[in-house]
Amino acid sequence: MVNSMDTYLLVIPLEQTARNLALQFASEQANPQKGKRVYFNTLAVWAVNYFLEWMEMETDIDGGDSWNPARRAVLDVGDLVLPGIGKIECCPVQLGESAISLPEVRENRIAYIVVQFAEPFDKVKLLGFIPAVEIQGETEEISLTNLKPVEELWDYLDRIELAIPLLQGEIEELLSDLEEDDPVQAQVRENLQNKSISEIVAILNKVLHSSEKSDWGYEGGKALAGSGSSSGGWGNRDISFSRDKSSPVEKASDIEEDVKAELNLIAEDLLEKLAEIWGDGDDFALS
Amino acid sequence: MTRHDTPVEPLAGLVPVAASFNLLLPPTGWELKPISLTLLLLAGYSAIFPGIIELSRCHPNVPVNTDEQLRQLLQLLKDSQEGSKEQERLKNQLCQLIPHLPGIRKHPYPNIDLEEMMQETYCGFLKTLSAFLRGIDLDNLAADVLRTRVVQRFNKTLKNKVYDQYRRMQQQIFTVSFDAPITSNRGENFEAPEPIDHTTKNGIEQLIEREQAQNKQRIGHKLWQCIEEDPTGELRNSYPNEKIDKKKPNNPENRRPRPDANSHVLALRLLLQDPPDKLSKIARELNIDYQTLNSHWKRTGLALVKEIALKFGYQPEE
């Protein structure tokens, strides 16, 4: 992790149009407190959208919950849709705050980007971001010292965007090969279908960065199974996948082991393909 | 570039090649048949690109279809061997073609040497070209769509270089008004009566209070009222079941309902309260397993709230 405080912070000027829009959204809320949250959420999304549009990223600001009158009225959201990739959650913080509270709604988020406000509110600073896969399920706050610099956001999104078409085809092929009446394969199918393609890409990207190649299968399989990197419990690393069982009735634990083994193989195969297209080992970054 | 009725003489070196494939049209003896480019490419005469590009520079109305050239060049690149001389040659041709593609950004940026940026952009663009090509179906993508994607990718890479350059110089990109993206127009007609200083915290709070007071039909107010009252009881009647004995299997005999942790309580404390409670705090207070509560809230509670919001969103304005 890089402390973003030590790096270049991008300043985005807030246009009058944006402030008017934020005020309009805030005026629809139940009370002034909620109005204020919506005001800053709106400006945070607007600023990130401004930057990403300038960076030639395709965005759909109207497609998010934060731009939906009813949803923003009940949910604390600052989501920005990146078509075909997922959503970025834009989290406002005020100068002096040292952490952000993660929102209740986290589905389809690929990253959280932190936007700092300070008086006079005519501009904001993009402090940095954190990939959603790096956040454990129970995490409710993120310290600002854990943020990655904004310049890495581009490479992160680019890697996901480049890998989606490849993985889309691979996963579709895998799913079509999995038999529904086989308990092991049915479980593997469920594991894969429970995640979006961009989520799988992000998960494997993390594994690729944090593991030795010899551990890709084990770590990747574990991540695809949905257990966080801090939770162990995968048992024997050297399980070989086999559908043939001597007993006609497989025990639940046997099925579980077979599912893990199958996911290990899938993860290893996908990681090798991803490493090839990302050119990992070389200096991939466009910057 | 557009097609033009007036034929232009091709480069001298091209004529004998075209003649050998019977691609020249009779009246002039040097005008090429429309299919020529494809056939020449298929025959491996991809080296004509620099010539055609050069020609188009000299004659702006030359009938050059850059979209089709681009597609064919990318196909050759995709098929070429990684790191081969042939691939290098094709990459050079691509770099010569790119500036001629409509939509390529060539705006100057303050304090930035655009020529240098462009050179760096070519390197960055080529570095990830094979990854980019793997995600593209060259056979089935329309030529203009393909060109748009290439142009977008090139422009993205250029912007990344420009951003990086400003970062290195510790200069802000947006301190001056240039190259502002097109943003949503909504809100432009919303004029708050002045004067309240909207650049201070107090000013913003005053503005919001004033606007809310004037807005009698606030969707947020009505929606919160609906959630607070829960007239149909759908939120109150939605609650988790927890395991009685955590070590035993999760069957009906080993589960008990927890109506005290219902979705209504959670919605009030997590969404409507300011500041909202943390789910972990509620779980501790209610003495319920965090995972059980979290999974109920994420799968059922939030879904119900979103459903209510969705229904509300479709209600006509009173």
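In the predicted model, the axes of helix 4 of chain A and helix 6 (residues 197-210) of chain A come within 9 Å and cross at roughly 110°. An angle of 65 to 115 degrees counts as roughly perpendicular, and helix 4 of chain A and helix 6 of chain A are therefore roughly perpendicular to each other. The crossing of these two helices of chain A is right-handed. On the side of helix 4 of chain A, the residues that take part are A:Arg159, A:Ile160, A:Ala163, A:Ile164, A:Leu167, A:Gln168 and A:Ile171, and they meet A:Ile197, A:Ser198, A:Ile200, A:Val201, A:Ala202 and A:Asn205 of helix 6 of chain A. Sorted by class, the residues of this contact comprise nine nonpolar, three polar and one charged.

These two helices belong to a chain A that has eight helices and seven strands. Of the 287 residues of chain A, 48% count as buried. Where contacts in chain A between residues at least 6 apart in sequence are considered, 59% join residues that are at least 24 apart.

The contact between the chains draws 55 residues from chain A and 61 residues from chain B. On the side of chain A that touches chain B, two or more residues each are given by strand 1 (10-13), helix 1 (16-27), helix 2 (32-54), helix 3 (69-74), helix 4 (151-177) and helix 8 (252-278) of chain A. Helix 2 of chain A supplies the largest share of that side, with ten residues. In terms of residue class, the side of chain A that touches chain B has 30 nonpolar, eleven polar and 14 charged residues.

Helix 2 of chain A also packs against helix 9 (residues 201-214) of chain B, at an angle of about 115° and with the two axes 10 Å apart. In this pairing, helix 2 of chain A passes helix 9 of chain B in a right-handed crossing. The residues of helix 2 of chain A that are involved are A:Pro32, A:Gly35, A:Lys36 and A:Tyr39, which meet B:Ile204, B:Glu205, B:Ile208, B:Glu209 and B:Gln212 in helix 9 of chain B. By class, this contact between helix 2 of chain A and helix 9 of chain B has four nonpolar, two polar and three charged residues.

Notes. Residues are numbered from 1 along each chain as its sequence is written. Chains are lettered from A and ligands numbered from 1 in the order in which they are written. This is a predicted model: local features need pLDDT of at least 70, side-chain atom pairs count only at pLDDT 80 or more; totals for chains, interfaces and linings use all residues. Two residues are in contact if their C-beta atoms, placed from the backbone, lie within 7 Å. Helices (H or I, at least four residues) and strands (E, at least two) are DSSP runs, numbered from the N terminus. Ala, Val, Leu, Ile, Met, Phe, Trp, Tyr, Cys and Pro count as nonpolar, Asp, Glu, Lys and Arg as charged, and the others, Gly among them, as polar. A residue is buried if 20 or more other C-beta atoms lie within 10 Å of its own, exposed if 12 or fewer, and partly exposed in between; C-beta atoms are placed from the backbone. Axes are lines fitted to C-alpha atoms, for helices over the stretch in contact, and angles run from 0 to 180 degrees between N-to-C directions. A crossing is left-handed if the near helix is turned anticlockwise from the far one by less than a right angle, and right-handed if clockwise. Angles under 35 degrees count as roughly parallel, over 145 as roughly antiparallel, 65 to 115 as roughly perpendicular and the rest as oblique.
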